[in-house]
Amino acid sequence: MKTKCANKKCPNSFHTNKAEQKYCSSNCQRSSYHREWFQKNKKPCPDCNNPIKRSASYCKPCAASHRSDHLLEMTLEEYVNCSTAPKHLPSKYNKIRSLARSQHKDLTKRSCAKCGYHKHVHICHIKPIHTFNNKTKIKTINSSSNIIQLCPNCHWELDNNLLVL
């Protein structure tokens with residue numbers, strides 16, 4: 001007897017002698033059960049309505065934007081005092097630097113603003129993070145007026161006060 005596979009995504013038909021066999025293979029059965037389970041155990045993302053697990057608050061893209069939006073609105077003092085920020089130097093400001101790199105990814109495709117080297121550039125703060133007032137918001141620290149792309153050599157010169165911009 002020829003039977004159509006019960007997995008809605010599977011186009012196969014198969015021959016069977018067993019009346020209870022519904023799937024053409026164990027893989028089809030697993031994927032069908034997984035799909036049914038996921039359909040029952042999902043909810044919409046509050047921002048974009050994409051399906052997410054019941055245990056999640058947001059889908060991955062929305063969660064990432066919420067984390068960075070929250071961080072941008074914090075002051076430097078709030079960031080340093082929050083429980084997730086590292087308390088020791090030099091990694092104290094790594095999250096702020098990482099956020100600047102993700103906000104200004106387009107600058108990595110350009111050449112060094114000082115010497116024109118184009119194979120590898122860093123995203124740098126013109127005014128160092130530690131020189132800002134504690135009440136300054138992170139979005140001001142990472143604003144495009146305080147960010148520049150420099151090659152590693154020029155970046156070192158900027159950090160060691162040999163390069164003035």
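Which residues touch the most other members of the largest nonpolar core? In this predicted model, that core has 14 residues, and the ones that touch the most other members are Leu76, Tyr79, Ile96 and Ile138. If you look at where the core comes from, the elements that give two or more residues to it are α2, at 60-72, α3, at 76-81, α4, at 94-103, and α5, at 138-141, and the largest share, three residues, is supplied by α3. Apart from this core lies another one, made of nine residues, and among them are Val121, Cys124, Ile148 and Leu163. As a general remark, nonpolar side chains in soluble globular proteins tend to be buried together.

Let me turn to a polar residue, Asn142, which you will find in the loop between α5 and the strand β6, at 147-150. Is Asn142 buried or exposed? Its relative accessible area is 2%, and because buried means under 20%, Asn142 counts as buried.

Finally, a word on the aromatic rings. By the rule used here, the count of aromatic pairs comes to zero, but there is a charge over a ring to point out, with Lys127 lying over the face of Phe132 at 4.4 Å from the ring centre.

Conventions:
Residues are numbered from 1 along each chain as its sequence is written. This is a predicted model: local features need pLDDT of at least 70, side-chain atom pairs count only at pLDDT 80 or more; totals for chains, interfaces and linings use all residues. Side-chain values use heavy atoms; hydrogens and water are left out. A nonpolar core is a set of buried Ala, Val, Leu, Ile, Met, Phe, Trp, Tyr and Cys residues joined through side-chain atoms within 4.5 Å. Buried means under 20% relative accessible area, exposed over 50%, partly exposed in between (1.4 Å probe, protein chains only). Helices (H or I, at least four residues) and strands (E, at least two) are DSSP runs, numbered from the N terminus. Rings of Phe, Tyr and Trp (its six-membered ring) pair if their centres lie within 6.5 Å; planes under 30 degrees apart count as stacked, over 60 as edge-to-face and the rest as tilted. A charge sits over a ring if NZ of Lys or CZ of Arg is within 6 Å of the ring centre and within 35 degrees of the ring normal.
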